[in-house]
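Here are my notes on the model you sent over.

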Amino acid sequence: MTPHPTAVVAEDEATLRHELVERLSQLWPELDILGEAADGVQALRLLHEVKPDVLFLDIEMPGATGLDVARQVQGRSHVVFVTAYDQYAVAAFDEGAVDYLLKPLEPARLFTAIQRIKQRLAGPPADLSAVLSQLGAQAGATTKRQYLRWINASVGQTLKLITVDEVLYFQSDSKYTRVATRQGEALIRKPLKELVDELDPQQFWQIHRSTLVNAAAVAGVSRDFRGRMQVKLKESEDALIVAESYTHLFRQM
């Protein structure tokens with residue numbers, strides 16, 4: 001076992017997050033907590049930055065759910081799920097691949113979880129595929145559809161985490177999809193056709209077969225010298241052509 005194992009605590013309820021950090025410091029003083037996350041996107045960024053041995057992960061979080069985060073953590077960190085919902089704490093966890101904590105936290109249960117994690121640190125993190133599949137099915141049956149909230153995009157040689165709220169528009173570009181934000185551009189390999197199905201249609205409007213625009217970024221529309229409708233953006237000089245079949249989206253503007 002690592003003499004000074006490291007951890008990240010991802011929990012959107014601040015009081016519970018602070019309580020968990022405090023109790024971990026009491027029950028496992030050797031554990032070095034490298035960071036805390038209040039939502040799924042922060043958790044993902046911390047995972048990329050500090051690569052913890054253990055991740056305490058709330059299942060229900062804004063930005064990106066705990067299940068979304070767990071899919072990214074596969075094979076890199078040992079996971080302890082934190083949940084307020086008994087329906088999640090069932091057979092999926094009984095396989096022993098991961099552990100879980102029910103809210104409100106009980107010190108005795110946390111102590112048990114710590115002992116299990118210490119034993120597992122001697123080996124590689126468990127394969128979470130089966131657990132995530134079962135938890136995902138349960139979550140899908142009890143919650144409304146979750147749309148894509150973040151993407152991993154390439155900026156030069158760097159992989160960057162971008163929330164969809166930061167995106168002004170997506171545009172097909174050969175084998176890639178170009179992601180335009182206020183800070184610049186990035187590339188992803190996911191085709192626009194998949195993005196159409198994964199993004200919230202109330203937030204992202206398809207205005208051309210090759211373009212999806214963030215409705216919140218639209219300043220207005222105008223016609224170019226050829227009579228084609230084009231979208232003007234609030235924080236970009238780019239003008240986006242609107243295909244004739246999508247002009248009905250802007251009839252009230």
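1. Ground rules. This is a predicted model, in which local features need pLDDT of at least 70 and side-chain atom pairs count only at pLDDT 80 or more, while totals for chains, interfaces and linings use all residues. Residues are numbered from 1 along each chain as its sequence is written, and side-chain values use heavy atoms, leaving out hydrogens and water.

2. Overall picture. Of its 253 residues, 43% count as buried. Buried here is under 20% relative accessible area, exposed is over 50%, and partly exposed is in between, with a 1.4 Å probe and protein chains only.

3. Contacts. Take contacts (heavy atoms within 4.5 Å) between residues at least 6 apart in sequence: 55% of them join residues at least 24 apart.

4. Helix H1. The end C-alpha atoms of H1 are 20 Å apart, which agrees with the 20 Å that its 14 residues should span at 1.5 Å a residue; the expected span is 1.5 Å times one less than the number of residues. Leu16, Arg17, Leu20, Val21 and Leu24 are buried in H1. Those buried residues fall within an arc of 135° seen down the axis, so they line one face of the helix; the arc is that of the directions from the helix axis to the C-beta atoms. Thr15 and Gln26, on the other side of H1, are exposed. What do the buried residues of H1 pack against? Their partners are E1, strand E2 (32–37), E3, E4, E5 and H5.

5. Helix H5. Residues 107–120 make up H5, which has 14 residues and reaches 20 Å from its first C-alpha to its last. Leu110, Ala113, Ile114 and Ile117 are its buried residues to look at. They cover an arc of only 105° around the axis, which puts them on the same side of H5. Ala108 and Gln119 are exposed on the other side. The buried residues of H5 pack against helix H1 (14–27), E3, E4 and strand E5 (99–102).

6. Cores. The largest nonpolar core has 27 residues, and Leu55, Leu57, Val69 and Phe81 have the most contacts inside it. By nonpolar core I mean a set of buried Ala, Val, Leu, Ile, Met, Phe, Trp, Tyr and Cys residues joined through side-chain atoms within 4.5 Å. Elements giving two or more residues to this core include strand E1 (6–10), strand E3 (54–58) and helix H6 (129–142), but H2 gives the most, with 5 residues. Apart from this core lies another, of 19 residues, among them Val9, Phe56, Val82 and Ile114.

7. Leu57 up close. Not counting residues up to four places away in sequence, Leu57 touches Ala10, Gly66, Val69, Ala70, Val79, Val80, Phe81 and Val82.

8. Strands E6 (residues 150–155) and E7 (residues 158–163) run antiparallel and are joined by 6 bridges; two strands pair if DSSP finds at least two bridges between them. Ser154 has Leu159 in E7 as its bridge partner. This hairpin has 2 residues between its strands, and Gly156 in the turn has a positive phi of about 65°. E11 (residues 204–208) and E12 (residues 211–214) also pair in the antiparallel sense, over 4 bridges. They form a hairpin with 2 residues between them, and Trp205 stands opposite Val213 in E12.
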